[in-house]
Amino acid sequence: MKMFEDPPAAISHDAHPGHKLKLVNAAAAAAGGGPPFRCDGCKEPGSGEGSRYRCGGGGGTGCDFDLHVCCALAEPVLRHPLLGDNNNNLEFKLLPAAAAAAVCTACGCAALGLVYHCSNKKSGLYLHPCCAALRMERVIHDEYRAQLCSEAKLRCVICGEKGHRAFSSRKLWAYRWRYGGAEGYLHVACMKKIAVQSWEQAYLQDGGVLEASVPIMKGALQGRRLPGEDDKSGGLELAIGGVQLAGSIAGAVSGASSSN
C-alpha cells in the first residue's frame, strides 16, 4: 500500500512493453478533464480524474493504453487478511488473465483481465487488483468510519441483499459504515457501481470508490433510529425518505449496471 501512496512518475510494464507508462495524477487530469476509462490490465473502470498510468509513447501522443495505479504496481504475490484458514492467509499470485468464467471473490463481478489467483481451494479464488487494494479501514470526512468485512451482516442498503443475488451461498465483501451511532453495510460491488455512475455524471475529483458512497450512506444512516436496549439486531432501514439523493441511488445501480 505504501508504494501506491508515492508511485513513480514513469514505469515499464509487461502488459505494454513497447512504451513507458507515465503517471497521470488528479491535478493534471483536472486541468483538461476526462471521462472515466477502462483499465487495460484488469478491464475494470476507473475515474478519468483519478491517478493512473497512461502510455507516453513516441511522438508525445502515446497509445490509448491505461492502467490503474494498483494494477500497474501490483505485487506478484499477495496475502490478504480477509482470506485465509486458521489465521494463515492464503497466497495469491498475479496472473495476466483469469480462467474462463472466473469471478472476483470480493465483488462477485467477472475477472476479465489482470487478476490475483489462489489455487489452494478446489474452485480457486480470484481477486481484482483494485479489490485487493481496498483499505481495510478508513475515516472519511472526519465523521464516517468504513471498515472492510468479508460479508455483510445486515442487508446492503443499495441492493437489499446480504450476499450475491444470483448465488445466495456466495458471500460478498462489504464495508460496514458507522455514522452518529448508526451502522449499515454496503457491498463493494454496489460501491463500485455508485462510483462509476458518479464518475460518468460529474468526473469525481478524487476518484475514490469510498468517497463516492458518502452521500448515500449519510442519508441512509441518518434515517435509521438508534437501537434501544431491546433492539440489538434491527437492520438498516432501506427507506431513505426525504433525502435528496434518494432518486440518484436507484440511478446509480441501474445506470452503472447497464454500462458494464
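**Exercise 1.** In this predicted model, find which backbone atom the side chain of histidine 13 reaches, and at what distance.

*Solution.* Start by locating the residue: histidine 13 sits in the loop between S1 and strand S2 (21-24). Now follow its side chain, which gets to the backbone nitrogen of alanine 15 at 3.0 Å. Next, skip the neighbours within four places in sequence and list what is left: histidine 13 touches Leu21, Leu67, Cys71 and Ala72.

**Exercise 2.** Decide whether histidine 13 is buried or exposed.

*Solution.* Get the relative accessibility of histidine 13, which is 18%. Then apply the cut-off: buried means under 20%. Histidine 13 therefore goes down as buried. For context, buried residues make up 44% of the 260 residues in the protein chain.

**Exercise 3.** Work out the strand order of the open sheet that contains S1, and explain why one side of S1 and of S6 lacks a neighbour there.

*Solution.* Read off the order: the four strands run S1-S2-S5-S6, with antiparallel pairing. Strand S1 (10-11) and strand S6 (66-68) are at the edges with a single partner strand each, so one side of each has no neighbour in the sheet. Now zoom in on one pair: S5 (residues 52-55) joins S6 in the antiparallel sense through three bridges. As a check, pick tyrosine 53 and look across to S6, where its bridge partner is leucine 67. That leucine, Leu67, also turns up among the contacts of histidine 13.

Terms used:
Residues numbered from 1 in each chain as written. Predicted model: local features only at pLDDT ≥ 70, side-chain atom pairs only at ≥ 80, totals over all residues. Heavy atoms only, no water. Pairing = 2+ DSSP bridges. Helix = DSSP H or I, 4+ residues; strand = E, 2+ residues; numbered from the N terminus. Buried < 20%, exposed > 50% of the residue type's maximum accessible area, 1.4 Å probe, protein only. Polar contact = N/O pair within 3.5 Å; in protein donor to acceptor, adjacent residues only side chain to side chain. Contact = heavy atoms within 4.5 Å.
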